[in-house]
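Let's walk through the packing and the pockets of this one, question by question. Have a look at the model first.

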Amino acid sequence: MVVGGSDSSSNTIEFAMAELMNQPDLLKKAQQELEAVIGKDNIVEESHIHKLPYLQAVMKETLRLHPILPLLVPHCPSETCTLGGYTIPKGSQIFINVWATQRDPSIWENPLKFDPERFLNDSKWDFSGSDFNYFPFGSGRRICAGIGMAERMVVYSLATLLHSFNWELPRGVKIDLSEKFGIVMKKKIPLVAIATPRLNDPSLYE
């Protein structure tokens with residue numbers, strides 16, 4: 001879980017920060033939720049996570065647009081089978097393009113738009129893999145074992161960054177959301193951002 005969860009979590013946080021900074025109104029909305037729940041005289045605790053539905057929606061939307069494993073983990077049928085009219089021989093290596101599925105315009109309205117609200121308005125989307133229109137962690141017996149860790153660490157880390165600091169781009173720099181495709185999805189150009197403290201008590205940064 002440490003090996004598999006480090007890069008995947010940090011990449012998800014980087015994509016989420018980039019998407020939010022690209023739409024400052026969404027960044028402000030996330031910070032307003034954090035301020036309402038935590039205040040500006042406290043730091044984020046794990047106990048706050050379940051009280052942050054908008055930030056959880058940000059994580060879900062980030063994983064919809066930028067699934068960390070775009071082709072998931074390869075599968076291999078133990079017996080020859082027929083699926084959708086196609087014969088899949090025993091021993092074949094099967095890749096599922098979850099990246100394309102989660103951007104399918106027949107499933108998602110404005111699929112290329114980063115819009116966390118879609119997950120606030122529809123509670124059916126979760127990480128269980130029970131709906132094959134949204135399954136960034138896979139599905140079934142081979143579903144990612146680190147979902148629980150990801151839900152906590154990504155939201156906690158993202159909440160801490162957004163709650164403790166204001167963020168802006170260096171002068172003359174524009175957000176680039178392009179992806180570097182591979183086994184693990186990364187930003188093609190790493191995010192560079194300037195942080196300034198936003199909490200009232202300087203001792204909270206010690």
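Q: How many nonpolar, polar and charged residues are in the lining of the second largest pocket?
A: Keep in mind that this is a predicted model. The pocket has a volume of about 390 Å³, and 13 residues line it. Split by class, that lining comes out as eight nonpolar, two polar and three charged residues.

Q: Which element gives the most to the lining of the largest pocket?
A: The largest pocket has a volume of about 680 Å³. Its 32 lining residues include Leu69, Pro136, Phe137, Gly138 and Cys144, the closest to its centre, and by class the lining has 19 nonpolar, ten polar and three charged residues. Helices α1, α3 and α6 each supply at least two of the lining residues. The top contributor, with six residues, is α1.

Q: Which residues have the most contacts inside the largest nonpolar core?
A: This core has 37 residues, and the elements giving two or more of them are α1 (2-22), α2 (24-38), α3 (53-65) and α6 (147-164). Those with the most contacts inside the core are Leu55, Met59, Leu158 and Leu162.

Q: What does leucine 55 touch, not counting residues up to four places away in sequence?
A: Leu55 is one of the core residues with the most contacts. Leaving out those sequence neighbours, its partners are Ala30, Glu33, Leu34, Val155, Leu158, Ala159 and Leu162.

Key
Residues are numbered from 1 along each chain as its sequence is written. This is a predicted model: local features need pLDDT of at least 70, side-chain atom pairs count only at pLDDT 80 or more; totals for chains, interfaces and linings use all residues. Side-chain values use heavy atoms; hydrogens and water are left out. A nonpolar core is a set of buried Ala, Val, Leu, Ile, Met, Phe, Trp, Tyr and Cys residues joined through side-chain atoms within 4.5 Å. Buried means under 20% relative accessible area, exposed over 50%, partly exposed in between (1.4 Å probe, protein chains only). Helices (H or I, at least four residues) and strands (E, at least two) are DSSP runs, numbered from the N terminus. Contact means heavy atoms within 4.5 Å. On a 1 Å grid over the protein atoms alone, a cavity is a set of points where a 1.4 Å probe fits but cannot get out, and a pocket is an open set with protein on both sides within 12 Å along at least five of seven lines; lining residues have an atom within 4 Å of a point. Grid points are joined across faces, edges and corners, and a volume is the space filled by probe spheres set on the points. Ala, Val, Leu, Ile, Met, Phe, Trp, Tyr, Cys and Pro count as nonpolar, Asp, Glu, Lys and Arg as charged, and the others, Gly among them, as polar.
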